[in-house]
Amino acid sequence: MRFLRAISLLLTVAVIAAVGFLMIGWRSEIPPDDRAASTPYPPDLVTKGAQLAAVGNCIACHTKPGQEAFAGGLPIPTPFGTLYSTNITPDPETGIGRWSEAAFVRAMREGVDRQGNHLYPAFPYDHFTWVTDEDNKALYAFLMTRKPVKASAPENDLKFPLQFRPLLVGWNMLFFREGVMQPDPSQSEEWNRGRYLAEGLGHCGACHTPRNAFGAEDRNHHFAGGEAEGWQAYAINADSKSPVPWTVDSIAFYLRNGWHELHGVSRGPMAEVTGNLGLLPDSDIRAIATYIASVMGEPSPERKERGEQLLRSFGKGGADITTASLDENKASADLAGHPGAAIYGAACATCHESGRAQPFGGLHFTLSTAVNSANPQNIINVTLFGLPPADGQLSAIMPAFGNTLNDQQVADLVGYLRERFSDQPAWSGLTDLVAKTRSGEHPVTVLPSDGIERAPKNVGAKEQK
Ligand code: HEC
Ligand code: HEC
Ligand code: HEC
């Protein structure tokens, strides 16, 4: 009897807890607004919204390659299964054409849809919660003036029991802090603007911060390096492995142009980010760079000295690299017998030691963050798949070597680059990693340097004005 009573007590407590939990997380439906999509919006508000949407990279996740912009349906693989982005065009049936501004703001700020369902954090509302009402108004005006497209996303394919959205209430309790950014009065206006853009709409941390077992960003390792679409998003904090330390100027240049003479071109998903940031005024780019540089902090005296030494041996721009200055860096003769040396000499050196200026010449690998990082994935990606040309413009191009080199050869080559051009320990498991990348077991998104090939029909936010 006593046992039964204890059980029923326990059950009662569990039910009360569950009901309480659901009540805390319960959100009501916001009534449909049938006039939302036909209301006129001021053109300057729409233009501002276009810029903000570019910072938020909305088009990248909400567009399938070759399909209509913002119509959703792009599969987003996660460790918990595959999610599909939704249609955010103003189509009344399948898009957000009946969402009032209040419903849109709630989605951005709380991660809840118009009907009151919790959204999965693959939609980065944990960052978008920082966006001000004023900026949300502009974003809303921009989306409501897009072309309505009838398209429904496929059902999400998530591991049991994750299709049950109320579970997200628990995730939110643990990991989500709702609220607009509070400026830090001890910092400059520019720094605060940069923080607002980078941590809020720009959601840099969604790729650059590692995630925990629940898929939430690990706050203790902010910007310490993460993963995105099969690429390593390098550390952009004090752990940065860039041989020449980044500065406000170099970050601003890289974000503005998608390349930097001492750092090479932005590739993979970062190409999309820098492509989209093209819409922002210089002052905003500068603000982001100011904030990111402050997160990186002053490099240690040793790193700074090493960077300056590199600058001296390369000459600014890496254009006057000589074999002599190379040999100073590493006794390359010691590596002459390395199985990767001959491949490098025959296939890579002509472009990567040509001294041709960035972004059209290959970066000298002594300057490469990729070669100096703990994970070789990005070099493998570039070697196998190359850098495809950007349509209709002059761009950095590199041939793909996937068809000419076998897995062992790529592994030897990558191992050689590491040994020759960095002072970091050798990578292990290379052949296996190359094989998985080639076979698609480790899927990789390959984009040209402007990042807009992914949705050719829409050509990115640049033309969404
Ligand atoms: C990293 C990918 C990603 C980015 C970037 C992104 N979204 Fe989404 N978004 C999603 C996914 C995935 C969903 C669906 C989530 C779900 O099913 O719970 C979604 C859902 C939404 C919804 C809810 C729509 C509905 O019908 O329920 C809105 C509104 C939205 N996004 C707006 C935006 C805006 C505006 C931006 C840019 C500022 C943006 N998203 C950027 C992935 C993204
Ligand atoms: C969708 C994922 C994604 C987002 C969002 C993103 N990045 Fe990146 N970022 C990457 C990847 C992947 C790389 C590596 C690219 C490469 O190999 O060229 C990268 C590289 C970089 C680099 C070069 C680092 C180095 O040492 O070479 C900088 C700087 C950078 N990102 C800054 C930012 C900033 C600032 C933001 C926010 C405005 C941002 N990123 C948002 C994925 C992302
Ligand atoms: C026809 C010229 C050409 C050849 C040949 C070539 N590359 Fe490249 N490579 C480029 C250009 C241009 C870039 C873009 C500029 C940059 O970021 O270095 C690039 C970029 C790269 C990058 C990214 C730079 C970084 O940050 O580390 C890697 C890695 C790379 N190449 C590896 C290789 C390897 C390995 C080979 C030989 C198998 C090779 N490349 C052969 C032209 C070339």
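The shell around ligand 3 takes at least three residues from each of domain 2 (189-296) and domain 3 (320-441 + 452-460), the domain bounds coming from an automatic or database domain assignment. The model is predicted, so local features need pLDDT of at least 70 and side-chain atom pairs count only at pLDDT 80 or more, whereas totals for chains, interfaces and linings use all residues. Residues are numbered from 1 along each chain as its sequence is written, chains are lettered from A and ligands numbered from 1 in the order in which they are written, and side-chain values use heavy atoms, with hydrogens and water left out.

Ligand 3 is surrounded by 25 residues, the closest being C348, C351, H352, S368 and M398; a residue is near a molecule if one of its heavy atoms lies within 4 Å of it. By class, this shell holds 17 nonpolar, seven polar and one charged residue. Here Ala, Val, Leu, Ile, Met, Phe, Trp, Tyr, Cys and Pro count as nonpolar, Asp, Glu, Lys and Arg as charged, and the others, Gly among them, as polar.

Around ligand 2 there are 24 residues, of which C204, C207, H208, R267 and M270 come nearest. They divide into 15 nonpolar, eight polar and one charged.

The table lists polar contacts of the two ligands, a polar contact being a pair of N or O atoms within 3.5 Å.

| Residue and atom type | Ligand atom | Distance |
|---|---|---|
| V265, backbone N or O | oxygen of ligand 3 | 2.9 Å |
| R267, side-chain N or O | oxygen of ligand 3 | 3.3 Å |
| S368, polar side-chain atom | oxygen of ligand 3 | 2.5 Å |
| Y234, polar side-chain atom | oxygen of ligand 2 | 3.1 Å |
| W246, polar side-chain atom | oxygen of ligand 2 | 2.9 Å |
| N378, side-chain N or O | oxygen of ligand 2 | 3.0 Å |

Two or more residues of the ligand 2 shell come from each of α9 (204-208), β5 (231-233), α11 (269-277) and α12 (282-296). Helices (H or I, at least four residues) and strands (E, at least two) are DSSP runs, numbered from the N terminus. In the ligand 3 shell, α15 provides the largest share, four residues.

**Ligand 1 and H62**

The iron atom of ligand 1 has a single protein donor, H62 (NE2), at 2.0 Å. Donors are N, O and S atoms within 2.8 Å of the metal (3.2 Å for Na, K and Ca); water is not among the atoms, so sites may look incomplete. H62 lies in the loop between α3 and β1 (75-78).

Methods:
A polar contact is a pair of N or O atoms within 3.5 Å; within protein, one must be able to donate a hydrogen and the other to accept it, and residues adjacent in sequence count only if both atoms are side-chain atoms.
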